[in-house]
Amino acid sequence: MLKTHDKDLCLNAKDNNKALKAIIKNEIKINDLDNKYKISPEFSNTGTQIPWQKIQGPQNAAFVNFTDGTIQWEKNLDDTCKSNSPIELISYLENETTHETSIKLAKRYGINPKRPMEHKTTVPFKNKDLASEMAKNTPALVDNEKASFDQLIPVSMPHGGACYYVAIYKTASGKAIHVPICQRLSDNRADITSITWGFCPENIPLAGLDMLEKYPKARVLLVDDIWLADKINNLNAGMRNGTPDFVAVAIWAGIDRIPNYNFAPLMGCDVTFLPTLDEKSIQAGIKLKEMLMDAECNSFEILMTPIRGENWDLDTCKATCGDESVRRAVAATNRNITFLADDIGTAWEFKRYKRFLTEEGVIEQTSSGNIKSVQICPRNRKTFCLRLRGKSHHG
């Protein structure tokens, strides 16, 4: 069956604050504490073999140990409330809030505190195991429900390797989040790379280009869900006589960022866009046509059988996407994924797609037929937070 995940990287202020703390925690190195604070020689607490050290800050002092490369600390050695959060340690030493500490450290590490998931410079991964270790060791929440690590999908580069990995977490009830992992260069420490959460928002690569490289003459099915694209490609939907009729390529870093993607690899391709049952995704064909024509694609069509996720509120979808879009989505979700090759043959040309959106009230047009505006209807979004326990790595 066809389905998608609810995963939008356009984070709100609350999401960004949680992401900032997770990223900063991953950036903090033991050397940062050595350089900033006075730390006493190691000693063992009575009755234990744990090597503790006293760390003195401007306002307060605490006790730390660096067992296995992690940072653990206590206010007093008899403190029953232990913490492995270096942000909480620094905020205690400085006598400030954790938010104030996060903002200060973000500036030190060259991270935009308002958009912490977006990095100026990233480099290709050399070791998938580092990304896998980080993803597996990171607990996540979706709407305050515990989510478990499910899989790691690469945003592949030509000739092997990956620009990013996207970690997918799922809850027992079927909710999911997608969180990109990158290897970044710090503005302030250009000789060091670290594995962290996020991506570079400029010149964003499409996912699935490794499949297109194998089958350059295949039609491109463009979706806005890397998980769905990976599933389609793995199942070899449309495979006939050993050669696929199409390959799935994904917009994976948010549908709002269409102008920031690099569509050049689709030059000369026949492209069919399959939206999800989301107002922004359904409207995205307007901007996609412009971007794909600039990239000199051979043709562009829209398969108006939107894909929906599990447990999505269809009444909400009707209010934002229209009754007909919902009806088509329900019918499409009940079809087997192997029928996609046949469905692509029913895709619409752009004129019919634009007329449909106008009739459904999703877009407005001027009397001359030009698009006057795109109506954005707000919809409740799933939110995520990460509580990092993973280590930083040097590349």
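Begin with the hairpin made by E7 and E8, which has 2 residues between its strands; in the turn, Asp143 has a positive phi of about 55°. Strands here (E, at least two residues) and helices (H or I, at least four) are DSSP runs, numbered from the N terminus. This is a predicted model, in which local features need pLDDT of at least 70 and side-chain atom pairs count only at pLDDT 80 or more, while totals for chains, interfaces and linings use all residues. Residues are numbered from 1 along each chain as its sequence is written, and side-chain values use heavy atoms, with hydrogens and water left out.

Now select residues 140-142 for E7 and 145-156 for E8: the two strands run antiparallel and are joined by 3 bridges. Two strands count as paired if DSSP finds at least two bridges between them. Leu141 stands opposite Lys146 in E8.

Next, zoom out for a moment. The chain has 13 helices and 20 strands. Of its 395 residues, 51% count as buried, where buried means under 20% relative accessible area, exposed over 50%, and partly exposed in between (1.4 Å probe, protein chains only). Among contacts between residues at least 6 apart in sequence, 69% join residues at least 24 apart; a contact means heavy atoms within 4.5 Å.

Select helix H4, residues 98-108, and find Lys104 in it. Is Lys104 buried, exposed or partly exposed? At 31% relative accessibility, Lys104 counts as partly exposed. Leaving aside neighbours within four places in sequence, Lys104 is in contact with Glu94 and Glu96. Show the side chains of Lys104 and Glu96, and you will see a polar contact of 3.0 Å joining them. A polar contact is a pair of N or O atoms within 3.5 Å; within protein, one must be able to donate a hydrogen and the other to accept it, and residues adjacent in sequence count only if both atoms are side-chain atoms.

Move on to Cys182, which is buried, with a relative accessible area of 0%. The structure holds 0 disulfides, a disulfide being a pair of cysteine sulfur atoms within 2.5 Å.

Now for an open sheet: 4 strands in the order E15-E12-E16-E17, with parallel pairing. E15 (246-250) and E17 (299-302) stand at the edges with a single partner strand each, so one side of each is left without a neighbour in the sheet. From one strand to the next, the twist averages 25°. Select E12 (residues 219-223) and E16 (residues 270-273), which pair in the parallel sense over 3 bridges; the partner of Leu222 in E16 is Phe273.

Finish with helix H9, which lies across E12, E16 and E17 and runs at about 165° to E17. Axes are lines fitted to C-alpha atoms, for helices over the stretch in contact, and angles run from 0 to 180 degrees between N-to-C directions. Colour residues 285-294 and pick out the buried ones: Gly285, Ile286, Leu288, Met291 and Leu292. Your last stop is Glu296, which follows H9 and has a positive phi, near 65°.
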